[in-house]
Amino acid sequence: MSDEQKKKEAAAVAAFAFEMGVLKRQRRSGWWHAGVRDPESIAEHSLRVAQLAGLIAAAEGGDPAKAAYMGLWHDSQETRIGDIPHSARPYVEAAPNVGITVDQVAGMAEPLANSVIKAVEEYEEKTSLEAICARDADKLECLIQAVEYRDLGVQRVQSWIDSSYASLKTETARRVADEALEISPLSWREK
(Lines give C-alpha, C1' and ligand atoms only; values in the text may rest on other atoms or scores of the structure.)
Protein backbone atom coordinates (compact mmCIF):
# COMPACT_ATOMS: atom_id res chain seq x y z
CA MET A 1 0.00 0.00 0.00
CA SER A 2 1.35 3.40 -0.93
CA ASP A 3 1.98 6.16 1.57
CA GLU A 4 -0.70 8.20 -0.18
CA GLN A 5 -3.27 5.40 0.29
CA LYS A 6 -2.31 5.05 3.98
CA LYS A 7 -2.73 8.80 4.37
CA LYS A 8 -6.20 8.71 2.74
CA GLU A 9 -7.34 5.84 4.95
CA ALA A 10 -6.04 7.55 8.08
CA ALA A 11 -7.83 10.75 7.05
CA ALA A 12 -11.06 8.77 6.63
CA VAL A 13 -10.74 7.43 10.20
CA ALA A 14 -10.03 10.94 11.51
CA ALA A 15 -13.04 12.34 9.65
CA PHE A 16 -15.20 9.52 11.03
CA ALA A 17 -13.96 10.31 14.55
CA PHE A 18 -14.93 13.96 14.08
CA GLU A 19 -18.35 12.88 12.83
CA MET A 20 -18.83 10.60 15.83
CA GLY A 21 -18.01 13.61 18.03
CA VAL A 22 -21.31 15.11 16.90
CA LEU A 23 -23.02 12.43 19.02
CA LYS A 24 -21.54 14.08 22.13
CA ARG A 25 -23.37 17.31 21.31
CA GLN A 26 -26.60 15.94 19.87
CA ARG A 27 -29.42 15.38 22.36
CA ARG A 28 -31.91 12.53 22.50
CA SER A 29 -34.89 14.53 21.34
CA GLY A 30 -37.76 12.41 22.66
CA TRP A 31 -37.00 13.53 26.20
CA TRP A 32 -37.99 17.09 25.32
CA HIS A 33 -41.56 15.79 24.95
CA ALA A 34 -41.44 14.72 28.61
CA GLY A 35 -40.18 18.14 29.68
CA VAL A 36 -36.50 17.32 30.16
CA ARG A 37 -34.69 20.60 29.43
CA ASP A 38 -31.22 19.19 28.91
CA PRO A 39 -31.57 15.54 27.89
CA GLU A 40 -28.73 13.08 27.62
CA SER A 41 -26.65 13.11 24.47
CA ILE A 42 -26.70 10.27 21.98
CA ALA A 43 -23.10 9.48 22.97
CA GLU A 44 -24.04 9.27 26.65
CA HIS A 45 -26.89 6.92 25.77
CA SER A 46 -24.66 4.79 23.53
CA LEU A 47 -21.97 4.41 26.18
CA ARG A 48 -24.39 2.95 28.71
CA VAL A 49 -26.02 0.81 26.00
CA ALA A 50 -22.62 -0.70 25.18
CA GLN A 51 -21.88 -1.31 28.85
CA LEU A 52 -25.26 -2.94 29.46
CA ALA A 53 -25.07 -4.96 26.23
CA GLY A 54 -21.79 -6.52 27.35
CA LEU A 55 -23.20 -7.39 30.76
CA ILE A 56 -26.47 -8.79 29.41
CA ALA A 57 -24.61 -10.88 26.83
CA ALA A 58 -22.24 -12.24 29.47
CA ALA A 59 -25.20 -13.23 31.68
CA GLU A 60 -27.06 -14.79 28.74
CA GLY A 61 -24.07 -16.85 27.54
CA GLY A 62 -23.19 -14.66 24.56
CA ASP A 63 -20.07 -12.74 23.56
CA PRO A 64 -20.00 -9.57 25.68
CA ALA A 65 -17.46 -7.78 23.46
CA LYS A 66 -19.52 -8.40 20.34
CA ALA A 67 -22.74 -7.18 21.99
CA ALA A 68 -20.98 -4.11 23.41
CA TYR A 69 -19.51 -3.32 19.97
CA MET A 70 -23.00 -3.38 18.47
CA GLY A 71 -24.17 -1.09 21.26
CA LEU A 72 -21.46 1.42 20.38
CA TRP A 73 -22.66 1.72 16.80
CA HIS A 74 -26.42 1.24 17.14
CA ASP A 75 -27.23 4.99 16.95
CA SER A 76 -24.12 6.28 15.17
CA GLN A 77 -26.20 7.05 12.07
CA GLU A 78 -27.92 9.85 13.97
CA THR A 79 -25.05 12.18 13.08
CA ARG A 80 -26.68 12.32 9.65
CA ILE A 81 -30.40 11.89 10.31
CA GLY A 82 -30.75 13.15 13.88
CA ASP A 83 -32.57 11.44 16.71
CA ILE A 84 -36.04 10.91 15.29
CA PRO A 85 -38.48 10.47 18.19
CA HIS A 86 -41.04 7.68 17.95
CA SER A 87 -43.85 10.22 17.55
CA ALA A 88 -42.23 11.52 14.34
CA ARG A 89 -41.53 8.16 12.69
CA PRO A 90 -44.92 7.83 10.98
CA TYR A 91 -44.29 11.15 9.22
CA VAL A 92 -40.70 10.84 8.04
CA GLU A 93 -38.80 8.33 6.00
CA ALA A 94 -35.15 7.86 6.89
CA ALA A 95 -32.54 5.90 5.00
CA PRO A 96 -31.78 2.47 6.48
CA ASN A 97 -29.10 2.49 9.19
CA VAL A 98 -26.86 0.09 7.29
CA GLY A 99 -26.85 2.35 4.23
CA ILE A 100 -25.97 5.36 6.34
CA THR A 101 -23.18 3.41 8.01
CA VAL A 102 -21.75 2.38 4.62
CA ASP A 103 -21.59 6.06 3.67
CA GLN A 104 -20.07 7.02 7.01
CA VAL A 105 -17.17 4.56 6.75
CA ALA A 106 -16.47 5.09 3.04
CA GLY A 107 -12.77 5.58 2.47
CA MET A 108 -11.69 3.70 5.58
CA ALA A 109 -9.53 0.61 5.24
CA GLU A 110 -11.75 -2.35 4.40
CA PRO A 111 -11.23 -4.27 7.67
CA LEU A 112 -12.15 -1.18 9.70
CA ALA A 113 -15.17 -0.26 7.61
CA ASN A 114 -16.39 -3.85 7.53
CA SER A 115 -16.19 -4.21 11.31
CA VAL A 116 -18.57 -1.29 11.79
CA ILE A 117 -20.87 -2.28 8.90
CA LYS A 118 -21.13 -5.88 10.12
CA ALA A 119 -21.92 -4.75 13.67
CA VAL A 120 -24.73 -2.50 12.42
CA GLU A 121 -26.03 -5.19 10.03
CA GLU A 122 -26.14 -7.78 12.80
CA TYR A 123 -27.82 -5.34 15.19
CA GLU A 124 -30.45 -4.49 12.58
CA GLU A 125 -31.08 -8.17 11.71
CA LYS A 126 -32.10 -8.82 15.36
CA THR A 127 -31.36 -12.54 15.16
CA SER A 128 -28.10 -13.33 16.98
CA LEU A 129 -28.01 -13.59 20.76
CA GLU A 130 -25.60 -10.65 20.89
CA ALA A 131 -27.92 -8.49 18.75
CA ILE A 132 -30.85 -9.37 20.99
CA CYS A 133 -28.76 -8.47 24.04
CA ALA A 134 -27.66 -5.17 22.46
CA ARG A 135 -31.25 -4.30 21.55
CA ASP A 136 -32.34 -5.14 25.09
CA ALA A 137 -29.55 -2.91 26.36
CA ASP A 138 -30.91 -0.05 24.24
CA LYS A 139 -34.38 -0.47 25.77
CA LEU A 140 -33.05 -1.05 29.28
CA GLU A 141 -30.90 2.07 29.07
CA CYS A 142 -33.97 4.08 28.07
CA LEU A 143 -35.91 2.66 31.02
CA ILE A 144 -33.06 3.44 33.43
CA GLN A 145 -32.73 6.97 32.04
CA ALA A 146 -36.48 7.49 32.49
CA VAL A 147 -36.21 6.34 36.11
CA GLU A 148 -33.36 8.80 36.65
CA TYR A 149 -35.39 11.64 35.13
CA ARG A 150 -38.42 10.65 37.21
CA ASP A 151 -36.25 10.72 40.33
CA LEU A 152 -35.28 14.30 39.41
CA GLY A 153 -38.95 15.29 39.22
CA VAL A 154 -39.83 14.79 35.56
CA GLN A 155 -43.37 13.46 35.75
CA ARG A 156 -44.20 12.37 32.21
CA VAL A 157 -41.80 9.45 31.71
CA GLN A 158 -44.03 6.46 32.44
CA SER A 159 -44.71 5.75 28.76
CA TRP A 160 -40.94 5.42 28.15
CA ILE A 161 -40.68 3.02 31.08
CA ASP A 162 -43.67 0.95 29.93
CA SER A 163 -42.70 0.71 26.26
CA SER A 164 -39.06 -0.05 27.07
CA TYR A 165 -40.00 -2.78 29.54
CA ALA A 166 -42.47 -4.34 27.10
CA SER A 167 -39.70 -4.58 24.46
CA LEU A 168 -37.25 -6.56 26.59
CA LYS A 169 -36.58 -10.10 25.37
CA THR A 170 -33.94 -11.56 27.70
CA GLU A 171 -34.53 -12.76 31.23
CA THR A 172 -31.46 -10.82 32.37
CA ALA A 173 -32.71 -7.50 31.02
CA ARG A 174 -36.15 -8.03 32.56
CA ARG A 175 -34.62 -8.85 35.96
CA VAL A 176 -32.41 -5.77 35.84
CA ALA A 177 -35.36 -3.61 34.78
CA ASP A 178 -37.45 -4.96 37.67
CA GLU A 179 -34.74 -3.98 40.12
CA ALA A 180 -34.13 -0.60 38.46
CA LEU A 181 -37.79 0.18 39.03
CA GLU A 182 -37.45 -0.65 42.74
CA ILE A 183 -34.12 0.78 43.86
CA SER A 184 -32.88 4.35 44.10
CA PRO A 185 -30.65 5.68 41.30
CA LEU A 186 -28.21 6.46 44.14
CA SER A 187 -28.31 2.98 45.66
CA TRP A 188 -24.74 2.44 44.49
CA ARG A 189 -23.62 5.15 46.97
CA GLU A 190 -25.37 3.54 49.92
CA LYS A 191 -23.14 0.48 50.15
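Modeller: On a 1 Å grid over the protein atoms alone, a pocket is an open set of points where a 1.4 Å probe fits, with protein on both sides within 12 Å along at least five of seven lines; lining residues have an atom within 4 Å of a point. The structure shown is a predicted model, in which local features need pLDDT of at least 70 and side-chain atom pairs count only at pLDDT 80 or more, while totals for chains, interfaces and linings use all residues. Residues are numbered from 1 along each chain as its sequence is written, and side-chain values use heavy atoms, with hydrogens and water left out.

Biologist: Which residues lie nearest the centre of the largest pocket?

Modeller: They are Ile 84, His 86, Arg 89, Asp 138 and Lys 139, out of a lining of 33 residues. The largest pocket holds about 870 Å³ of space, a volume being the space filled by probe spheres set on the points, which are joined across faces, edges and corners.

Biologist: Which helix gives the most to the lining of the largest pocket?

Modeller: Helices are DSSP runs of H or I with at least four residues, numbered from the N terminus. Here α9 gives the most, with five residues. At least two residues each come from α2 (30-33), α5 (78-81), α7 (110-125), α8 (129-151) and α9 (158-167). By class, the lining of the largest pocket has eleven nonpolar, 13 polar and nine charged residues (Ala, Val, Leu, Ile, Met, Phe, Trp, Tyr, Cys and Pro count as nonpolar, Asp, Glu, Lys and Arg as charged, and the others, Gly among them, as polar).

Biologist: What is the volume of the second largest pocket?

Modeller: Its volume is about 410 Å³. Of the 18 residues that line the second largest pocket, Ile 144, Val 176, Ala 180, Ile 183 and Ser 187 lie nearest its centre. Two or more lining residues are given by α3 (42-60), α8 and α10 (171-180). This lining divides into eleven nonpolar, three polar and four charged residues.

Biologist: Let us turn to packing. At what angle do α3 and α4 cross?

Modeller: Axes are lines fitted to C-alpha atoms, for helices over the stretch in contact, and angles run from 0 to 180 degrees between N-to-C directions. The axes of α3 and α4 (residues 64-73) cross at roughly 155° and come within 7 Å. The two helices are therefore roughly antiparallel (over 145 degrees; 65 to 115 counts as roughly perpendicular, under 35 as roughly parallel and the rest as oblique). Their crossing is right-handed. Contact (heavy atoms within 4.5 Å) involves Ser 46, Val 49, Ala 50, Ala 53, Gly 54, Ala 57 and Ala 58 of α3, together with Pro 64, Ala 67, Ala 68, Gly 71 and Leu 72 of α4. Of these residues, nine are nonpolar, three polar and none charged.

Biologist: How are α3 and α8 placed relative to each other?

Modeller: With axes 7 Å apart, α3 and α8 pack at about 125°; they are therefore oblique. Among the residues in contact are Leu 52 and Ile 56 of α3, and Leu 140 and Ile 144 of α8. The whole contact comprises eleven nonpolar, two polar and six charged residues.

Biologist: And what is the hand of the crossing of α8 with α9?

Modeller: A crossing is left-handed if the near helix is turned anticlockwise from the far one by less than a right angle, and right-handed if clockwise. Helix α8 passes α9 in a left-handed crossing. Their axes come within 8 Å and cross at roughly 155°, and α8 and α9 are therefore roughly antiparallel. In α8, residues including Lys 139, Leu 143 and Val 147 take part in the contact, as do residues of α9 including Trp 160, Ile 161 and Tyr 165.
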